[in-house]
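Please look through the sequence and the structure before reading on.

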Amino acid sequence: MTAHQNGTISFEVSDFLLNCFVRSPNWQIWLSLPLSLLFLLAMGANGILLITIWLETSLHEPMYYLLSLLSLLDMVLCLTVIPKVLTIFWFDFKSISFYACFLQMYIMNCFLAMESCTFMVMAYDRYIAICHPLRYSSIITDQFIAKAAIFILARNILFTVPIPILSARLFYCGRNVIENCICANMSVSRLSCDDVTINRLYQFAGGWTLLGSDLILIILSYTLILRAVLRLKAEGAVAKALSTCGSHFILILFFNTVLLVFVLTHVAKKKVSPDVPVLLNVLHHVIPAALNPIVYGVRTQEIKQGIQRLLKKGW
């Protein structure tokens, strides 16, 4: 049920059909297995990380609380997108209800922005740990993490609410086939008979304001870290710090690069197959989720030891 601009109510579109790869339907066949494996890896790795941090009292530290938050966000994003995509691939179950579509749209936008914000807070945490080690315990406290978590939730819940609202208030007058595997804002909005300029502007401005400001602060943090690390005289300290922060930064850049490529392929849609941004959009919800716990978690000595202790207890 949707409200038209003149106030009348329309019942024309009660559900949508997700038509994944319009030009390359055979992609579904070879994508389903790697996508399933990535989904299982993401859920398993993040699940193990969360259980380890929860059960190991030695890991009840601010940095690990941030890791827990990142894992939770990754799991929610994966569960919101991948099971539905796999049911389309395996059972051709393309239908999604009107409200489920807009709920998926909201969760995707909100949680991706929350993840970007969490990366920013983690970059600040690393900056304090490396550049101001003596003040670390007085700055990065449990209270700081609680405030950061409230900020992450409040900023992104409020800023992303208009996206599904602006889309849901449009008049959908018959066309209901979304040329995407997921309910992406612009893929859904372009089916309406109304002007979608406001939707486009808000999506673009909101995306660049939230993710862009996070990325600038992340780059600033890692630039200051790099500068401090290169001044270290201790043997091995430079290599260790560069190894840790380098892997973090590569992952954050990957998270943002995929978004940038997605935007550019949308802009240059005549030169690129429309299935490419659809594929990138799906992979963006599972690849970072699978890599985050490995890069941030398993490469951290304390977490590795925590997992080993839990396995010994289990046996």
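## The sheet

F16 has I96 in β4 as its bridge partner. Strand β3 (residues 15-18) and β4 run antiparallel and are joined by 3 bridges. Strands here are DSSP runs of E of at least two residues, helices are runs of H or I of at least four residues, and both are numbered from the N terminus. Two strands count as paired if DSSP finds at least two bridges between them.

The open sheet has 3 strands in the order β4-β3-β5, and its pairing is mixed. β4 (95-97) and β5 (177-178) are the edge strands, each pairing on one side only. Helix α3 (residues 98-131) packs on this sheet and touches β3, β4 and β5; contact means heavy atoms within 4.5 Å. The direction of α3 makes about 85 degrees with that of β4. Such angles run from 0 to 180 degrees between N-to-C directions, with axes fitted to C-alpha atoms, for helices over the stretch in contact.

## Basis of the model

The model is predicted: local features need pLDDT of at least 70 and side-chain atom pairs count only at pLDDT 80 or more, while totals for chains, interfaces and linings use all residues. Residues are numbered from 1 along each chain as its sequence is written, and side-chain values use heavy atoms, leaving out hydrogens and water.

## The disulfides

How many disulfides does a search of the whole structure find? The search finds 3, a disulfide being a pair of cysteine sulfur atoms within 2.5 Å. In one of them, the sulfur atoms of C20 and C181 are 2.2 Å apart. C20 lies in the loop between β3 and α1 (27-55) and C181 in the loop between β5 and α7 (185-189), so the bond ties together parts 161 residues apart in sequence.

Another disulfide joins C101 to C183, with an S to S distance of 2.0 Å. Because the torsion about its S-S bond is about -120 degrees, the disulfide of C101 and C183 is left-handed. C101 is in helix α3, whereas C183 is in the loop between β5 and α7. C173 and C193 also form a disulfide, their sulfur atoms 1.5 Å apart.

C101 is buried at 0% relative accessibility, whereas C173 is partly exposed at 33% relative accessible area. Buried means under 20%, exposed over 50%, and partly exposed in between (1.4 Å probe, protein chains only).

In sequence order, the bonded cysteines pair 1-4, 2-5, 3-6. C78 is in no disulfide, and the nearest cysteine sulfur, that of C181, is 15 Å away.
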